[in-house]
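Biologist: Could you take one part of this model and walk me through it closely? I would like to see how that part sits within the whole chain.

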Amino acid sequence: MPALKSEILLLAAVALATTVEMVEALTIVLAVGVTRGWRSALMGAGCSLLLLGGVVVAFGPAVVHIPLTGLRIAIGGLLLVFGVQWLRKAVLRASGYKALHDEDATYASERAAAVAAPGGGAATVDWYSFTVSLKGVFLEGLEVVFIVLTFGASQNRVALSAVTATVTALVVSTIGLVIRRPLSRIPENSLKFVVGILLTTFGVFWSSEGAGIRWPGSDGAIPVLLLVVAATSLLLAGALRHQRARLAATRTAP
């Protein structure tokens, strides 16, 4: 049962992280596609997906064959780096110290840049659209690939992790391309908070296990650790929000 809970949390982390990154990548593709035409934008996005798939195929088998102890230390450390980075930004956003990510604003900015860029036309490849789409999808997708490989390898579930990410990406992309608008109604900032908590939790758990620490209940300790990380993060966000409000009141006081 604990192992099943661990696997569910793992797949949830992969699916949520993929959703966040795909929403951001899709915003870029939609902006250039709507503004300058779909062919080159979709070509760039397609090439990025092929490159990302190649990374998974190339490195997935190699990662699986690394000794488990060393793998968990390396994976745990890397997940902590990524997780704390996501969590730090999420806490700052929740407390008001950092602006919330706004897909509508990003979409408008990308459209303005696409309108101002030279070139285009239906008869030839629009290299601006192709390059922007390729770069946007590839850079956002790299984090998903990292999560797929690390989470999958730690549980010998690289294939399952990759399938989860692929299905999630297809669902998000299909919705976005059908409505042809940025998916701004998805609570992206909240999802980033959740993903940061999940990555940090697994990072602490796996790096500790790799270092020889044995958690009470083995994988059953993960939900408890998850609650501790979540509670700590929410308390930090609340404390920072209170501090910001106090500083604002001090500045406006006569």
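Modeller: Happy to! Let me begin with pLDDT, the predictor's confidence in each residue, from 0 to 100. Helices here are DSSP runs of H or I with at least four residues, strands are E runs of at least two, and both are numbered from the N terminus. Among the elements of the protein chain, α4 has the lowest mean pLDDT, 77, while helix α8 (residues 221-252) has the highest, 85.

Residues are numbered from 1 along each chain as its sequence is written, and side-chain values use heavy atoms, with hydrogens and water left out.

First, the setting. The protein chain has 8 helices and 0 strands, and its mean pLDDT is 78, with 84% of its residues reaching 70 or more. Where pLDDT is low, the predicted coordinates should not be read in detail.

Now the helix itself. Helix α4 covers residues 103-116, and its 14 residues should span 20 Å at 1.5 Å a residue; the expected span is 1.5 Å times one less than the number of residues. The end C-alpha atoms of α4 are 20 Å apart, which agrees. Its buried residues are E103, Y107 and A114, where buried means under 20% relative accessible area, exposed over 50% and partly exposed in between (1.4 Å probe, protein chains only). Seen down the axis of α4, these buried residues fall within an arc of 40 degrees, so they line one face of the helix; the arc is that of the directions from the helix axis to the C-beta atoms. On the face turned away from that buried side, α4 carries the exposed residues V115 and A116.

Stepping back, buried residues make up 43% of the 254 residues in the protein chain. The largest nonpolar core has 34 residues; such a core is a set of buried Ala, Val, Leu, Ile, Met, Phe, Trp, Tyr and Cys residues joined through side-chain atoms within 4.5 Å. The elements giving two or more residues to this core are α1 (2-36), α3 (68-95), α5 (127-154), α7 (188-210) and α8. Its largest share, 9 residues, comes from α7. I147 is one of the members that touch the most others. Leaving aside residues up to four places away in sequence, I147 touches V14, A17, G152, S161 and L199, with contact meaning heavy atoms within 4.5 Å.

Definitions and conventions
Predicted model: local features only at pLDDT ≥ 70, side-chain atom pairs only at ≥ 80, totals over all residues.
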